[in-house]
Amino acid sequence: MDAQQPAQHHARQHAPAAAPAAVDRAAVDRALVDRAAVDRAAALDAADPLAHLRDEFVLDEQVRSYLDGNSLGRPTRTAAERLGRFAVEEWGARLIRAWDESWMELPLRLGDRIARLTLGAAEGQTFVGDSTTVILYKLLRAAVDAQAAAGRHEIILDTGNFPTDRYLLEGIAAERGMTLRWIDTDPVEGVALADVEALLGERTAVVVLSHVEYRSGHLADLPGITAAAHRHGALVLWDLCHSVGSVPITLDAHEVDLAVGCTYKYLNGGPGSPAFGYVARRHLGRLRQPVQGWMGAADPFAMGPEYAPHPGIRGFISGTPPVTGMLAMEGMLDLIEQAGMEAVREKSVALTGFAEELVDELLTPLGVRLSSPRDPQRRGSHVTVDHEDFAAVLPRLWSQGVIPDFRPPHGLRLGLSPLSTSFAEVEVGIRAIRDSLVEVRDGAGSA
Ligand SMILES: Cc1ncc(COP(=O)(O)O)c(C=O)c1O
Ligand SMILES: Nc1c(O)cccc1C(=O)C[C@H](N)C(=O)O
């Protein structure tokens, strides 16, 4: 190289001796911190009794860190095979006969399985059917109508509820002449029992809250709030979207009235897989849902002149069940059954604890704030961090195969799906957030 650049060679020979390059202490410290984090992640993965189950998921090698399992879970490796076999052996070979052979029962059979493995609920109270939004509407209208007949015209909800819950309740309130009583929830600490107690009264019809809050990950006091509502004669509906499959749930033991939850997050049912609804046995035959379709009728194939609801949980179904959307989640339920929900929760707590440590070490010095409760017993399986530059950071991350979620105005949500997220993935993801944030701050070229 010197032979090709004689002038430079000459110049170097005659230059005064260069001062030794100053050691970049900050870079060395950063490298040491990073090394320690990588080692800790490796040790946590090595000690994780559920680590082997991660191999049961489709892991694309371009995806270096998937931190959004609470928006859309990864597919299990059996999902493709199940869907293919279904198309050939059931749909293809059995055709319409399969309705009698298995499909008519599938919404209730699958509901019972979700109930047994994840909801702490006995059979006959859970169905799988429409979207979360539609099931929420059906259950809420049923609850509100029954309570209105008893002179109760108020609904308690909180500002931390997911938009679909809030929007639906605005609509139902307008439709049925109800008053919304809002809890102005602390965005980090979430809704507390005392907040609900302050609004409960003899006019309360129903309390509608998220078990795990979609933004902060706050885990609500389901037993305490349910019992308080009951002391005032109110019903409670829990939105379980962000807890089902990550936090053990105790619907029967705590006498929850109604619940609804997604299956495409921690139950890995795939995009748009249908939700489940739970109606406590004591309300079956008493609460009546408004979408009176033929599949919820006492005898659908009698095709009679008028609607007569099925007296059991089937009465909450409306139209033809989305059978193909129910197949993929069976593989995830197999894995949850293998692991057990207590172990799933233990891993989830360890993952969010590790994420919190790394946030404190790598991100807090850059001005990032943790917007989730610090007590792991008070949060679900995701943590949210906030920084004004995160909207600019997100595309950089996605382009590197690091995939968290962005929630306005400037939150990055890190969803850690217990069976498919490794500790190494958490470390890679949070280090990438740190590096991208530094680049954005220092004005380095765009992603
Ligand atoms: C807490 C919560 N409730 C409801 C929904 C809406 O569900 P869907 O779009 O399936 O109707 C979501 C997510 O989309 C959610 O996170
Ligand atoms: N349901 C979703 C969708 O259809 C498209 C994109 C995202 C979603 C989500 O799951 C949002 C999610 N419930 C959330 O908590 O943000």
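In which sense, parallel or antiparallel, do β2 and β8 pair, and over how many bridges? In this predicted model, the two strands β2 and β8 are joined in the antiparallel sense, with three bridges between them. Within this pairing, valine 128 has phenylalanine 276 of β8 as its bridge partner. Helix α5, which spans residues 106-119, packs on the sheet and touches both β2 and β8, its direction making about 120° with that of β2. Helix α9 (residues 222-231) likewise packs on the sheet, where it touches β5 (204-210) and β6 (235-239), and its direction makes about 155° with that of β6.

The sheet to which these strands belong is open and is formed by seven strands in the order β2-β8-β7-β6-β5-β3-β4, with mixed pairing. Its edges are β2 (126-128) and β4 (179-183), each of which pairs on one side only. On average, and with direction ignored, neighbouring strands of the sheet are turned by 15° against each other.

The loop between β7 (258-261) and β8 (276-279) contains lysine 265, a position that an unreviewed UniProt entry annotates as "modified residue: N6-(pyridoxal phosphate)lysine". Lysine 265 is classed as buried because 27 other C-beta atoms lie within 10 Å, the cut-off for this class being 20 or more. Leaving aside residues up to four places away in sequence, lysine 265 touches Gly69, Asn70, Ser71, Gly73, Cys241 and His242.

As to confidence, the protein chain has an average pLDDT of 94, and 95% of the residues score at least 70. Over residues 1-13, however, pLDDT stays under 50, and the model has one contact beyond four places in sequence for this stretch. For the complex, the predictor gives an ipTM of 0.96 and a pTM of 0.93.

Methods:
Residues are numbered from 1 along each chain as its sequence is written. Chains are lettered from A and ligands numbered from 1 in the order in which they are written. This is a predicted model: local features need pLDDT of at least 70, side-chain atom pairs count only at pLDDT 80 or more; totals for chains, interfaces and linings use all residues. UniProt positions are given in the numbering used here, feature names are shortened, and annotations may be inferred rather than shown by experiment. Helices (H or I, at least four residues) and strands (E, at least two) are DSSP runs, numbered from the N terminus. A residue is buried if 20 or more other C-beta atoms lie within 10 Å of its own, exposed if 12 or fewer, and partly exposed in between; C-beta atoms are placed from the backbone. Two residues are in contact if their C-beta atoms, placed from the backbone, lie within 7 Å. pLDDT is the predictor's confidence in each residue, from 0 to 100. Two strands pair if DSSP finds at least two bridges between them. Axes are lines fitted to C-alpha atoms, for helices over the stretch in contact, and angles run from 0 to 180 degrees between N-to-C directions.
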